[in-house]
Amino acid sequence: MTVIHSLAYQAAHHYGWWNETGSSLFGWDTIIPVPWVYGAYFVIVIWVFHFTFGKFWRYLTVNILLDGGFMYIVYPIWGRLGLVSGNSTLPTITVVAMMVGFSLIIYLFQLWLDGAQSNLDDQN
């Protein structure tokens, strides 16, 4: 997920989809906000996988609720508090759809990885 988010932030910067000027922690992380991509997103993904992997519809529902809740409730509150100051050319629903799409990609990747691992275990 970290790789996907890093690429998404790079694309967003290049194409002008959004710009998060207030979430920089170090001053040099203006394109990819390090605390988000290499911290919070990573930890949240691990916990969501831990509790929902193998139950696809639960996984999808949790991701939709978390992504939607973050973009429609948490992010605007943080903006009013001055913690973030993002400008987006994309509608919020598009960003949520991207986030849910990323979650589907990593779910499929994990299914593939588990299948490859079981094949290796069968060969040994």
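Helices (H or I, at least four residues) and strands (E, at least two) are taken here as DSSP runs, numbered from the N terminus. The structure is a predicted model, in which local features need pLDDT of at least 70 and side-chain atom pairs count only at pLDDT 80 or more, while totals for chains, interfaces and linings use all residues. Residues are numbered from 1 along each chain as its sequence is written, and side-chain values use heavy atoms, with hydrogens and water left out.

The protein contains 4 helices and 2 strands, arranged from the N terminus in the order α-β-α-α-β-α. Of its 124 residues, 31% are buried, where buried means under 20% relative accessible area, exposed over 50%, and partly exposed in between (1.4 Å probe, protein chains only). Contacts are defined by heavy atoms within 4.5 Å. Among the contacts with a separation of 6 or more, 65% link residues 24 or more positions apart. The protein exposes about 8,000 Å², and carbon and sulfur atoms supply 68% of this area; accessible areas come from the Shrake-Rupley method with a 1.4 Å probe, and for residues only the protein chains shown count as cover.

Helix α1 (residues 2-15) has 14 residues and reaches 20 Å from its first C-alpha to its last, close to the 20 Å expected at 1.5 Å a residue; the expected span is 1.5 Å times one less than the number of residues. The buried residues of α1 are Thr2, Ile4, His5, Ser6, Ala8, Tyr9 and Ala12. Thr2 counts as buried because its relative accessibility is 18%. Beyond residues up to four places away in sequence, Thr2 touches Val37, Tyr38 and Phe42. Gly16, with a positive phi near 75°, follows α1.

With residues up to four places away in sequence not counted, Thr52 touches Arg58, Tyr59 and Val62.

On the surface, Tyr72, Ile73, Ile77, Leu81, Leu83 and Ile93 form a nonpolar patch with about 620 Å² of accessible area together. Patches are made of residues with over 30% relative accessible area and no salt bridge, like charges being joined within 9 Å and nonpolar side chains (Val, Leu, Ile, Met, Phe, Trp, Tyr) within 5 Å; a salt bridge is a side-chain nitrogen of Lys or Arg within 4 Å of a carboxyl oxygen of Asp or Glu. Helix α3 (residues 56-81) gives the most to the nonpolar patch, with 4 residues. Ile77 is placed in helix α3 and counts as partly exposed, at 38% relative accessibility.
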